[in-house]
Amino acid sequence: MASSSSSYFPPYQDASPILPDSPPSPWRSRANVLRRRPLQFRQIAFIVATLTISFSLLAFYHFRESPSDTLQIDIPSPLDSDPVSYRPSFDNTHGRIPHGHHAPAQSSTSLAAPDPAPSNPPSTSISLPTPDPVTFSLIMFSEGSAAEGAVLIKSIILYSSRSLEFHIICDQSAQDYLERRLNLLTHPKHNVLVRFYRIPHDNMVARIHREGAINTDHSAGVPGLMKLFIHEILPPTVKRAIFVDTDAFFISDPVELWDRFDATKPGTAIVMPYHPDQSEPDWHNANRICSCIMLLNLERLRALRLMDSSFYRSDSQAARVPALAPPAFEAMFGKPVEAGDGRMRYEGVKLGDQGYWWAIVDHRPDIFEHLSFDWEVSSCLMDMYMKGLGDDDADDAHERFVQVHTDNTPDAGRAILPKMVHFNCLDGVDRYFDWPGWSDPNDGLAHRWLPAVRYHVGYKWLWLNQPASNATLTVQTLYDVKFADEIFALEHTGTTADIAT
């Protein structure tokens, strides 16, 4: 008597150890039926067609590999005979032959078999011009400003897709701090040049005195006024530069900002954020711009002779071409007044160098252009336009709805897209990232931006290295730095000692 059993396997499966008497498979039964059925006409036709195609393919490949004496006509391709300039290049992947251009006629058309092509035909390489490095001019005096500036430089290197230059006007303590970080960068992704310009404090004061009447009561002090003299400190070979305050960092590729130079009008020398909606009479409305970030056409500023000097005034020929700034300063602040010790000064200047920049661009709007607020997301006055980290699916309409301080400005009606963030006006600390408000869970700025600050401050310099990169970091120091007016005096008189300061 056959014993019954149950199993996980279905009854039609092939025999297995736990099904000794499995029922016959329906697939095997179907195959047995087909084997006994005579061939039909369609089956015979399919077999014949398969054999015919197989023999045809074998014959084709046999004759293809055999030498052939068949005559061939060599018809050149129009693109092969065109000049290289008409071929698609790397920056013109959709290149076309211009209309009306024809391939030059061949001297003869041979009916003989062509000569075999060389095994390694010469290739035509198209060399693309090397783009200019993205160039920054920064000012750092003290270790505290260098600590902020190091985060800024680190962010630029982190996000940049092009070679970089940093021209840093600084003192010894700032240079020492930066060099300790730069020593960790052994394999940068792109070439990096860092040049330190060491100017003693007394030399900076002397240059301010030679101008005649500028002064400052801003916390940035004398070094802050050097922003007005960048075009004099950097050599003529540096024709354009981006200036950024140290209490900022990038969150996007700085090449986008550098390319803004190419969109400026020919006469433009200064590009800054412009806030016509702001007003503060006690500051002469200097809050309508922000000199925290500037695109400076240094070549243009030199040609305009932006700042005056007693060296220029003492030269009869140079005096015929007045400097640009004094008429602008007098138009806004009035004539300079006595300040004691035989010095003169403009009265009512606020916000340090920004007060003077505002006088310049207000008096000469023809040399000024607005810079998008995307590059000046500032915590001071603008409250970051109420931008911040948050829901990653926020759309354009939402961003425009929540932002502030953009009505009646050049950026009205569009969503601000932060590309650089600036944490200024965080009083009471030397370094913005030490601000006590970051630890306040109820502070709106901390709620929206603390993660970004932590990331960029804590990102390690060592992580910037690209071991496979052949790019280099070059560090230089210039000690005997002279202002342009000093060089002018030396070239025209051979000395600066005989010219009154």
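**View 1. Strands β11 and β12 pair in the parallel sense.** Two bridges join β11 to strand β12, which covers residues 420-422. The model shown here and in the other views is predicted. Across the pair, serine 378 stands opposite histidine 422 of β12.

**View 2. β5, β12 and β11 make an open sheet of three strands.** The strand order is β5-β12-β11, and the pairing is mixed. β5 (248-250) and β11 (377-378) are the edge strands. Each of these edge strands pairs on one side only. Helix α15, residues 444-458, packs on this sheet. The helix touches β5, β11 and β12. Its direction makes about 80° with that of β5.

**View 3. Methionine 384 sits in the loop between β11 and α14.** Helix α14 spans residues 396-402. Is methionine 384 buried or exposed? Its relative accessible area is 0%, so methionine 384 is buried, the cut-off being under 20%.

Which residues does methionine 384 contact, leaving aside neighbours within four places in sequence? Val377, Ser378 and Ser379 are among them. Val421, His422 and Phe423 are also in contact with methionine 384. Leu445, Arg448 and Trp449 complete the list. Histidine 405 is 21 residues from methionine 384 along the chain. The C-alpha atoms of these two residues are separated by 9.1 Å.

**View 4. The largest cavity has a volume of about 50 Å³.** The structure holds two cavities of 30 Å³ or more. Which residues line the largest one? Ile157, Ser160, Arg162 and Leu164 contribute to the lining, as do Pro188, Lys189, His190 and Val192. By class, this lining has four nonpolar, two polar and two charged residues.

**View 5. The second largest cavity has a volume of about 30 Å³.** Its lining includes Phe261, Thr264, Thr268 and Ala269. Ile270, Val271, Leu295 and Asn297 also line this cavity. Which strands each supply at least two residues of the lining? They are β6 (270-272) and β7 (293-297). Five residues of this lining are nonpolar and three are polar. No charged residue takes part in the lining of the second largest cavity.

Methods. Residues are numbered from 1 along each chain as its sequence is written. This is a predicted model: local features need pLDDT of at least 70, side-chain atom pairs count only at pLDDT 80 or more; totals for chains, interfaces and linings use all residues. Side-chain values use heavy atoms; hydrogens and water are left out. Two strands pair if DSSP finds at least two bridges between them. Helices (H or I, at least four residues) and strands (E, at least two) are DSSP runs, numbered from the N terminus. Contact means heavy atoms within 4.5 Å. Axes are lines fitted to C-alpha atoms, for helices over the stretch in contact, and angles run from 0 to 180 degrees between N-to-C directions. On a 1 Å grid over the protein atoms alone, a cavity is a set of points where a 1.4 Å probe fits but cannot get out, and a pocket is an open set with protein on both sides within 12 Å along at least five of seven lines; lining residues have an atom within 4 Å of a point. Grid points are joined across faces, edges and corners, and a volume is the space filled by probe spheres set on the points. Ala, Val, Leu, Ile, Met, Phe, Trp, Tyr, Cys and Pro count as nonpolar, Asp, Glu, Lys and Arg as charged, and the others, Gly among them, as polar. Buried means under 20% relative accessible area, exposed over 50%, partly exposed in between (1.4 Å probe, protein chains only).
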